[in-house]
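These are my notebook entries on one structure.

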Amino acid sequence: MRKKLRVAAYAVCVRDGQVLLARSPAADGTPEWVLPGGGMEHGEDPLDAVVRELDEETGYRVEVTGLLGMDSSRRVVRREGLRGSRDHHGLRIVYEGRIIGGELRYEVNGSTDLAAWHDLDAVPELTRVRLVDVALKLWRERPVDGRVSVQSEA
């Protein structure tokens with residue numbers, strides 16, 4: 001079984017009671033809301049990665065104002081054929097960010113197709129990935145160990 005480690009950096013940006021989210025298609029094509037951010041390039045610092053990803057996905061320049069924590073997940077992706085199954089481990093670094101410039105725009109030819117501000121109270125009604133809940137819980141609770149527990153929606 002192939003092993004895959006993916007390290008990514010994301011930012012929680014909240015202003016005026018709203019959180020900035022991006023929309024991305026799930027594996028089945030269903031649009032779901034995600035936290036802006038994404039995978040680090042080889043040799044890239046996580047802080048630089050989150051700044052780059054926010055610009056790519058939302059058009060905003062962001063100042064990282066704190067490290068909120070990390071989320072680690074592991075799952076086996078079963079596949080037939082030559083490549084076989086994959087043991088996927090995702091490590092997501094979650095920062096707090098403040099918008100310092102730029103203008104909201106949508107990513108073109110990327111992993112997301114829309115970026116928008118959402119009322120914090122409306123987030124539970126959105127179709128979203130688990131990381132959105134993890135990140136908002138980190139933002140609200142600010143645990144000293146940088147870890148929170150959130151039930152999976154699956």
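**Entry 1**

I note at once that the model is a predicted one.

Strand β4 covers residues 31-34, and β3 pairs with β4 in the antiparallel sense over four bridges. The hairpin of β3 and β4 has five residues between the strands, and within this hairpin Gly29 takes a positive phi near 95 degrees.

I next turned to the hairpin of β2 and β3. Strand β2 is made of residues 14-15 and β3 of residues 18-25; the two run antiparallel and are joined by two bridges. I found Arg15 opposite Gln18 in β3. This hairpin has two residues between the strands, and Asp16 takes a positive phi near 50 degrees.

I also looked up the pairing of β3 with strand β8, residues 114-119. Six bridges join these strands, which run antiparallel. As one example, I recorded that Ala22 has Ala115 in β8 as its bridge partner.

**Entry 2: Strand β1 and its partners**

In which sense do β1 and β7 run? I found that they run parallel, joined by 11 bridges. Within this pairing, Lys3 has Asp87 in β7 as its bridge partner.

Strand β1 also pairs with β5, in the antiparallel sense, over three bridges. Here I noted that Tyr10 stands opposite Gly37 in β5.

**Entry 3: The nonpolar cores**

I looked up the largest nonpolar core, which has 23 residues; Val12, Leu21, Leu35, Val94 and Leu136 touch the most other members. Helix α2 gives the most, with seven residues.

Leaving aside neighbours within four places in sequence, I found Leu136 in contact with Val12, Val19, Leu120 and Val123.

Apart from this core lies another, of 13 residues, among them Ala11, Leu54, Tyr60 and Trp117.

**Entry 4: Leu54**

Is Leu54 buried or exposed? I found a relative accessible area of 0%, so Leu54 is buried, the cut-off being under 20%. Leu54 is found in helix α1.

With neighbours within four places in sequence left aside, I listed the residues in contact with Leu54: Ala11, Leu20, Pro36, Gly59, Tyr60 and Val62. I checked one of these, Leu20, by distance. Leu54 and Leu20 are 34 residues apart in sequence, and their C-alpha atoms are 10.0 Å apart in space.

**Entry 5: The largest pocket**

I recorded a volume of about 960 Å³ for the largest pocket. Its lining has 31 residues, of which Arg6, Tyr10, Glu32, Arg75 and Val129 are the closest to the centre.

Which element supplies the largest share of the lining? I found that β7 does, with four residues. At least two lining residues each come from β1, β3, β4, β5, α1, β6, β7 and α2.

Finally, I sorted the lining by class, which gave 10 nonpolar, 10 polar and 11 charged residues.

Key:
Residues are numbered from 1 along each chain as its sequence is written. This is a predicted model: local features need pLDDT of at least 70, side-chain atom pairs count only at pLDDT 80 or more; totals for chains, interfaces and linings use all residues. Side-chain values use heavy atoms; hydrogens and water are left out. Two strands pair if DSSP finds at least two bridges between them. A nonpolar core is a set of buried Ala, Val, Leu, Ile, Met, Phe, Trp, Tyr and Cys residues joined through side-chain atoms within 4.5 Å. Buried means under 20% relative accessible area, exposed over 50%, partly exposed in between (1.4 Å probe, protein chains only). Contact means heavy atoms within 4.5 Å. On a 1 Å grid over the protein atoms alone, a cavity is a set of points where a 1.4 Å probe fits but cannot get out, and a pocket is an open set with protein on both sides within 12 Å along at least five of seven lines; lining residues have an atom within 4 Å of a point. Grid points are joined across faces, edges and corners, and a volume is the space filled by probe spheres set on the points. Ala, Val, Leu, Ile, Met, Phe, Trp, Tyr, Cys and Pro count as nonpolar, Asp, Glu, Lys and Arg as charged, and the others, Gly among them, as polar.
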